[in-house]
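I opened my notebook to write down what I looked up in this structure.

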Amino acid sequence: MTGPLRLQDVRDAARRLAGVAHWTPLITSRTLDARVGRRVRLKCENLQRMGAFKFRGAFNAISQLAPRQLERGVVAYSSGNHAQAVALACRQLGSTAVVVIPNDVAPAKRAAISGYGAEIVCYDRMTEDRAEICAQIAEQRGLAMVAPFEDLQVMAGQGTVALEMLHDEPDCDVLAVPVSGGGLIAGCAVAATALRRGIRIIGVEPSAGDDTRRSLVAGRRITIPVPLSIADGLRSQTPGELTFAINRRLLDDVVTVDDDEIVDAMRFAFERLKVVLEPSGAVGLAAVLAGRVAGNRIGVVLSGGNIDTDRFTRLIGGDQPSSK
């Protein structure tokens, strides 16, 4: 795809994903509404295939590769969820995947990647450039590189989250969406602002990893040190070039939450909603609970639930949050 991302691109992605990806539920909670004094709708992408929204973008992008390229295979880099999504999408489409992931990736995510049949290449997120490693593998093996966010087809697939949300709850006046590289919120912003005039798009980042917030303030892409946060899927150092071009135009604000607030949201989701979230998937809810998202009818993307039992119980059981 060339040119700007459009609503039609998101609608085209929705047609490709029909019958393949789940139309995830939009849930409510009277307890949550009473606590925050707002009407809140929660989009459960933790119930998406492979446990996160990432499957949408990966499948949309890979499904459009030429048959010969599908035969050769795909390579991707990821903090975990995109790697799972690429591995599953390749298995669905009869292709193969090589994924470049950090050596400290959560064990549950690594096990799932292996289970979907992908070849794993590890790197040190503190000292090595994952995109460079991925590009080298792509060139050496003739593989198609599917970026986690710097790809318009990936963004179009992620935008189907907002398409579904506004179909199920058309009068939302604000969307709160997690931000890492910016692909999810870019796709959602394109879809939502085209479908509902005046809707506000609020990004949510961990306070230790606020590269998009700083970049919007500066008016240019800012690079920060590797963030130390329990939200391992949101530890980006700089926004994507393509995603930032969209987000600086369509986002109304980016707010931040700290690790303790993320854990509180995970605990609330488990105890009150009976929903299991990974830290990255809980940041939107955390921002709403902390009163940082203004609006009368708030849609929140719960972006993923890929967390192993030991880490989940350790976090919500009261242990000090840790970036590991």
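This is a predicted model: local features need pLDDT of at least 70, side-chain atom pairs count only at pLDDT 80 or more; totals for chains, interfaces and linings use all residues.

**Entry: the pocket**

I began with the largest pocket, and I noted a volume of about 790 Å³ for it. I then asked which residues lie nearest the centre of the largest pocket. They are Arg 130, Phe 149, Ser 180, Arg 235 and Ser 236, out of a lining of 46 residues. I sorted the lining by class and got 14 nonpolar, 21 polar and 11 charged residues. I also looked up helices that take part in the lining. Helix H5 (81-93), helix H7 (130-141) and helix H9 (183-195) each give at least two residues to the lining of the largest pocket.

**Entry: two helices**

Two packed helices are described by the angle between their axes and the distance between the axes. I looked up both values for helix H1 (residues 7-17) and helix H8 (residues 152-168): the angle is about 85°, and the axes are 8 Å apart. An angle from 65 to 115 degrees counts as roughly perpendicular, so I wrote down H1 and H8 as roughly perpendicular to each other. On the H1 side, the contact is made by Leu 7, Asp 9, Val 10, Arg 11, Ala 13, Ala 14, Arg 16 and Leu 17. On the H8 side, I listed Gln 153, Ala 156, Gly 157, Gly 159, Thr 160 and Leu 163. By class, the residues of this contact of H1 with H8 are 7 nonpolar, 4 polar and 3 charged.

**Entry: positive phi**

I next looked up Met 50, which has a phi near 60°, a positive value in a residue other than glycine. Met 50 sits in the loop between strand E2 (39-44) and helix H3 (54-62). Is Met 50 buried or exposed? Its relative accessible area is 8%, so Met 50 is buried.

Lys 274 also has a positive phi, near 60°, and is likewise a residue other than glycine. I found Lys 274 in the loop between helix H12 (259-273) and helix H13 (283-289). With a relative accessible area of 65%, Lys 274 is exposed.

**Entry: Gly 304**

Gly 304 has a relative accessible area of 1%, so I put it down as buried. What is Gly 304 in contact with, leaving aside its neighbours within four places in sequence? I listed Glu 45, Asn 46, Gly 51, Ala 52, Leu 277, Glu 278 and Gly 281. I also noted that Gly 304 and Pro 279 are 25 residues apart in sequence, and that their C-alpha atoms are 8.4 Å apart in space.

How values were computed: Residues are numbered from 1 along each chain as its sequence is written. Side-chain values use heavy atoms; hydrogens and water are left out. On a 1 Å grid over the protein atoms alone, a cavity is a set of points where a 1.4 Å probe fits but cannot get out, and a pocket is an open set with protein on both sides within 12 Å along at least five of seven lines; lining residues have an atom within 4 Å of a point. Grid points are joined across faces, edges and corners, and a volume is the space filled by probe spheres set on the points. Helices (H or I, at least four residues) and strands (E, at least two) are DSSP runs, numbered from the N terminus. Ala, Val, Leu, Ile, Met, Phe, Trp, Tyr, Cys and Pro count as nonpolar, Asp, Glu, Lys and Arg as charged, and the others, Gly among them, as polar. Axes are lines fitted to C-alpha atoms, for helices over the stretch in contact, and angles run from 0 to 180 degrees between N-to-C directions. Angles under 35 degrees count as roughly parallel, over 145 as roughly antiparallel, 65 to 115 as roughly perpendicular and the rest as oblique. Contact means heavy atoms within 4.5 Å. Buried means under 20% relative accessible area, exposed over 50%, partly exposed in between (1.4 Å probe, protein chains only).
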